[in-house]
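Welcome! Here is a short briefing to read alongside the protein shown below.

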Amino acid sequence: MSNRTFTMIKPDATAKGNTGAILSMINAAGFRIVAMKMTKLSKEKAGEFYAVHAARPFYGELVEFMSSGPITAAILEKDNAVEDFRKLIGATNPAEAAEGTIRKLYAASIGENAVHGSDSNENAAIEGDFFFSKLEQF
Ligand code: ATP
Ligand code: MG
């Protein structure tokens, strides 16, 4: 599974109508979509997904935001997927994101930053399985 990563197009990008443009950038960068769904996280599910950040001061805000509207969740395949996708999305804070990255183009702030990308192969597998059964991963 080391050639796979997991992403979410977050509620801010969904609300602004940027889902199609972001998916186009993902495809243009050479990622193959092997699972995808539009869904909405409950507060409980958002809290569970980001449990690793439970002790951080922004956790409450993060859970509120991630459950505030629909998201698009997807598993992406490409050589070196985790690292290459983090390069494509750019820094967590859009003010620090490189030109041409998804967050530079579509994120408004460090909290509302358009997309999620897994930070390791291990988390990519855990996060993909959080949203998709094995029958939904192609
Ligand atoms: P993600 O995991 O969503 O891909 P990331 O790996 O770039 O983002 P993390 O450190 O994992 O960044 O933080 C998870 C999310 O928590 C960020 O994407 C952002 O939405 C939110 N977040 C991080 N730091 C802050 C902060 N200082 N203030 C508000 N929200 C924050
Ligand atoms: Mg992260």
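This is a predicted model: local features need pLDDT of at least 70, side-chain atom pairs count only at pLDDT 80 or more; totals for chains, interfaces and linings use all residues.

A residue counts as buried when its relative accessible area is under 20%, as exposed when over 50%, and as partly exposed in between (1.4 Å probe, protein chains only). Residues are numbered from 1 along each chain as its sequence is written, and side-chain values use heavy atoms, leaving out hydrogens and water.

**Overall fold**
- The chain has 7 helices and 4 strands, where helices (H or I, at least four residues) and strands (E, at least two) are DSSP runs numbered from the N terminus.
- Starting at the N terminus, the order of elements is β-α-α-β-α-α-β-α-α-β-α.
- The C-alpha atoms fill a box of roughly 35 × 35 × 25 Å along the principal axes.

**Helix H4**
- Within H4 (residues 59-66), the buried residues are Leu 62, Val 63, Phe 65 and Met 66.
- These buried residues fall within an arc of 165° down the axis of H4, so they line one face of the helix; the arc is that of the directions from the helix axis to the C-beta atoms.

**Ligand 1**
- Polar contacts are pairs of N or O atoms within 3.5 Å; within protein, one must be able to donate a hydrogen and the other to accept it, and residues adjacent in sequence count only if both atoms are side-chain atoms.
- An oxygen atom of ligand 1 lies 2.8 Å from a side-chain N or O atom of Lys 10.
- For the side chain of Arg 103, the corresponding distance from a ligand 1 oxygen to an N or O atom is 3.1 Å.

Definitions and conventions: Chains are lettered from A and ligands numbered from 1 in the order in which they are written.
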